[in-house]
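Thanks for taking a look at this one with me. Here are some points to follow as you turn the model around on your screen.

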Amino acid sequence: MKKENIHIRHISTTEEFENLENPWSELLAENHTQSAFLSWEWLFSWWQVYDQEKELWLISAWQNEELVGIIPLMLQDEKTNGLNFRTLLPLGSPQCDVSGFLVKNMREEILFALSKYLLEQRKLWDTLALNHFAPNDPALAYIKTLFQKEGFKTREKISEHYYLELNENWEELLANLSRKFRKNLRRAARLAEGTGKVSLSHYSGDEVTWQIFQKIVDINQHARFPLIYQSPEEQSFHKELSERASKKDLVSVFLLSIDNIPLAYEYGFTYKNRYEAWRAGYDMRFDPTISIGKLLSKMMTEKAFALNYTEIDFLRGDEAYKTDWNTQTRMYTKTRFIKKSNFLARWVFIWFPKIRKSLKSLLPKNLIERR
């Protein structure tokens, strides 16, 4: 593949985006980073609902008429410390938990063409924030090297994703958990069964109807974060997504019920037998001594083996329940690129956070001295 055979198309309209479904899906299927959050179905559904006050920046690379690369971005105003910046962000932010480039065979020629186009358009944006990328992502490493040569400064923040490999059977996985956690799981199951008939239902593909999703909404009204799913925009997004993803079994829902009354849910996405556990909730009016959340996690994980899942990715967040399962970790990074010549952006995104961190570290000592 020669550089001159690759040409860039900046796709900025919803109509053009819609026409990419098939080539996008083919490219993702062989991509170095694979996730439902990078699927055409997820991102197009999101854009259909949340496109207000944003510009679509799908930077696509083509060899002849074959799609060989995509950087799915959007341009929006970002107000920080009273200052406004034009920032390029991964499409789907902040709801998406995984971002990345789609590049056929990770070819350097494609990466060069995509990165070069972003550099050529630098007058149109102030910062580029590549959030939720794996730090060892070769595409991220390439663009970072190229941008630093062009005088860009970077700021990075690392976070963890916990994940559970399902390479054993359920009994072996259970046996490797701590004795205390196994005891808690047994106790939750025993107490729940004492209140009624416990059941777990799984829905995927065209089984995830709006009626099923409404059960999630109803449960979540009494969960820890009751405002989730309440806005018309968010409900529209999930409705769009469930309809578009129905052919590919992308959306996956687990409902835990007692005496046929839904009390807890696990809502996520499945791509190539990897389950991405996006959101979960349970009715907090239920007896808190029973630990309905632990019971849901136990039954969902056991069911994952029957569904031939190879992994459960718990995605963002360091909640304690994730480590109870002897999970492993993947590191993800938020990397912001700032033009060296943009003094205000460097102050807001690089220097000011460093000064604030230094002052925080000094605060306890100063308080002690005052006492």
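**Notes on the predicted model**

1. Please keep in mind that this is a predicted model. The buried residues of H4 are Glu109, Ile110, Leu111, Ala113, Leu114, Ser115, Tyr117, Leu118 and Leu119.

2. Next, the largest nonpolar core. It holds 51 residues, and the members that touch the most others are Phe17, Trp42 and Tyr267. Among the elements that supply at least two residues each are helix H2 (21–29), helix H3 (40–50), strand S2 (54–63) and strand S10 (261–271). The top contributor is H3, which gives eight residues.

3. Setting aside neighbours within four places in sequence, Trp42 is in contact with Ala36, Phe37, Gly92, Gln95, Cys96, Phe237, Leu241, Phe269 and Trp278. There is also a second, separate core of 30 residues, including Trp57, Phe133, Ala139 and Tyr142.

4. Although Phe152 and Lys339 are 187 residues apart along the chain, their C-alpha atoms are separated by 4.7 Å. Not counting residues up to four places away in sequence, Phe152 touches Leu119, Arg122, Trp125, Phe147, Phe337, Ile338, Lys339 and Lys340.

5. The largest pocket has a volume of about 1,200 Å³. Its lining has 41 residues, and Phe225, Ala280, Gly281, Glu319 and Tyr321 are the closest to its centre. Helix H7 (179–193) and strand S11 (274–282) are among the elements that give two or more residues to this lining. The lining divides into 22 nonpolar, seven polar and twelve charged residues.

6. The second largest pocket has a volume of about 280 Å³. Of the 13 residues that line this pocket, Asn131, Arg155, Lys157, Lys334 and Arg336 lie nearest its centre. Strand S6 (127–133), S7 and strand S13 (328–339) each supply at least two lining residues. By class, the lining has three nonpolar, four polar and six charged residues.

Terms used
Residues numbered from 1 in each chain as written. Predicted model: local features only at pLDDT ≥ 70, side-chain atom pairs only at ≥ 80, totals over all residues. Heavy atoms only, no water. Buried < 20%, exposed > 50% of the residue type's maximum accessible area, 1.4 Å probe, protein only. Helix = DSSP H or I, 4+ residues; strand = E, 2+ residues; numbered from the N terminus. Core = buried A, V, L, I, M, F, W, Y, C linked by side-chain atoms within 4.5 Å. Contact = heavy atoms within 4.5 Å. 1 Å grid on protein atoms, 1.4 Å probe; cavity = no way out; pocket = protein on both sides within 12 Å on 5 of 7 lines; lining within 4 Å. Points joined across faces, edges and corners; volume = space filled by probe spheres on them. Nonpolar A, V, L, I, M, F, W, Y, C, P; charged D, E, K, R; others polar.
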